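Me: I would like to learn how to read helix packing and surface features. Can we work through an example?

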Amino acid sequence: MSQTDLQADRIFVKRAVEAAIRIAAVFIIAVYCYDIVKPFIAPIIWAAIIAVAIKPVSDWIEVKTGLSRKLTATLVTVGLLTALITPASILADKVTENVQHVSVKVEKGEFDLPNPKESVKDWPLVGERVYYAWNEAANNLEDFLKKHDKEVKEAGKVVFQKAAGITVSVLIMIFSIIIAGVFLASADGSERFVIQFSKRLAGEQGAKFGNLASVTVRNVTRGILGVAILQALLAGLGFYLIDLPAAPLLALLVLVMSIIQINPLLLMVPLAIYVFSFASPVVAVIYMIWSIAVGLMDNVLKPLIMGKGSQVPMMVIFLGAVGGFITMGFVGLFVGAVIMVLGYELFSAWLSDNQESSSQATAIEQPAEKE
């Protein structure tokens with residue numbers, strides 16, 4: 001081997017070692033940065049989703065009022081925080097007050113559980129079981145608690161865990177709304193960053209992908225959350241007017257079912273059938289029609305809303321939202337839909353490039369054959 005080859009090998013090894021050290025250093029820094037930022041990833045994702053979803057509202061307020069962008073973002077942020085914190089605080093105060101009141105009465109032996117009404121037996125699915133357990137507890141609460149000591153402790157543990165989880169979720173949402181307000185206040189800078197980052201990843205197609213992501217988040221917000229809230233409100237109105245027991249809880253169940261893509265008709269139709277047992281036939285039939293109309297509402301509204309402003313088929317967005325929810329939880333509604341839309345666009349771009357390459361090759365071959 002010549003001296004020149006040895007020198008070239010040394011240079012190659014030196015460069016390879018330097019590249020490996022640099023890559024390792026970058027990797028180590030990236031890992032540490034990820035560990036530091038990891039607790040804030042979920043709030044930042046939620047903040048980005050909230051900012052994208054409410055930016056049209058913020059822009060509209062800014063245009064109508066003539067306020068600066070920062071002041072408008074501050075007002076919108078305060079409004080969102082008020083809408084979240086006020087009902088949560090009222091609910092927490094009521095629950096705490098009731099728990100303390102019941103605890104004091106139980107300790108003094110003054111707690112009297114009223115006997116259930118016979119109508120409890122008519123509750124769908126669990127009526128009889130609830131009636132007999134309630135009746136047993138009302139007649140002798142102390143024996144009932146001793147008899148079901150294990151179940152009561154397990155139920156208390158589950159309730160405590162759920163309450164702690166809800167508290168943490170509310171705190172995360174408060175933090176996310178504040179970050180979303182920062183994003184809105186610096187919307188121009190945030191938009192430039194997203195475009196630059198998208199272009200760095202996908203070239204000139206990056207700006208298109210960034211726009212698709214924002215459109216998808218807005219469509220999912222309106223198409224899934226918006227429709228779910230509308231269904232829950234209308235269903236709750238029907239429960240209240242027909243005087244069903246636990247109407248707020250039933251409306252909450254409708255909201256949850258609609259968000260996780262379980263048709264609320266599975267709950268509302270049995271309830272409508274139950275209405276026939278105590279209401280007049282005319283009222284019961286009207287309520288049945290109302291329930292079916294509310295339950296089928298998402299079949300009409302979701303295709304109209306979720307595909308609006310996007311060239312991507314609505315089914316792709318829908319599958320991404322549902323699949324994302326199953327794999328990643330609530331935030332997956334948005335992340336899954338965005339990933340599916342971007343994946344669909346990348347696949348479509350790949351197909352288009354392949355077709356263009358085939359057309360160019362055919363055009364080159366045809367003149368060659370003529371010669």
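Me: Which residues in α9 meet which residues in α10?

Reply: First, the ground rules. This is a predicted model: local features need pLDDT of at least 70, side-chain atom pairs count only at pLDDT 80 or more, and totals for chains, interfaces and linings use all residues. Residues are numbered from 1 along each chain as its sequence is written, and side-chain values use heavy atoms, without hydrogens and water. Contact means heavy atoms within 4.5 Å. Helices are DSSP runs (H or I, at least four residues), numbered from the N terminus. From α9 come Leu265, Met268, Val269, Ala272, Ile273 and Val275; they meet Ala284, Tyr287, Met288, Ser291, Ile292, Val294 and Gly295 in α10. These divide into 11 nonpolar, 2 polar and no charged. Ala, Val, Leu, Ile, Met, Phe, Trp, Tyr, Cys and Pro count as nonpolar, Asp, Glu, Lys and Arg as charged, the others, Gly among them, as polar.

Me: At what angle do α9 and α10 pack?

Reply: Two packed helices are described by the angle between their axes and the distance between the axes. Axes are lines fitted to C-alpha atoms over the stretch in contact, and angles run from 0 to 180 degrees between N-to-C directions. Here α9 (residues 265-275) and α10 (residues 281-295) pack at about 175°, axes 9 Å apart. That makes α9 roughly antiparallel to α10 (over 145 degrees).

Me: How do α8 and α9 pack?

Reply: Helix α8 (residues 247-259) packs on α9 at about 145°, with axes 9 Å apart. Leu250, Leu253, Val254 and Met257 of α8 contact Leu266, Leu267, Met268 and Leu271 of α9. By class, that contact has 8 nonpolar, no polar and no charged residues.

Me: How many salt bridges does the structure hold?

Reply: A salt bridge is a side-chain nitrogen of Lys or Arg within 4 Å of a carboxyl oxygen of Asp or Glu. The structure holds 2. One of them joins Lys55 and Asp59, closest N and O atoms 2.9 Å apart.

Conventions
Helices (H or I, at least four residues) and strands (E, at least two) are DSSP runs, numbered from the N terminus. Angles under 35 degrees count as roughly parallel, over 145 as roughly antiparallel, 65 to 115 as roughly perpendicular and the rest as oblique.
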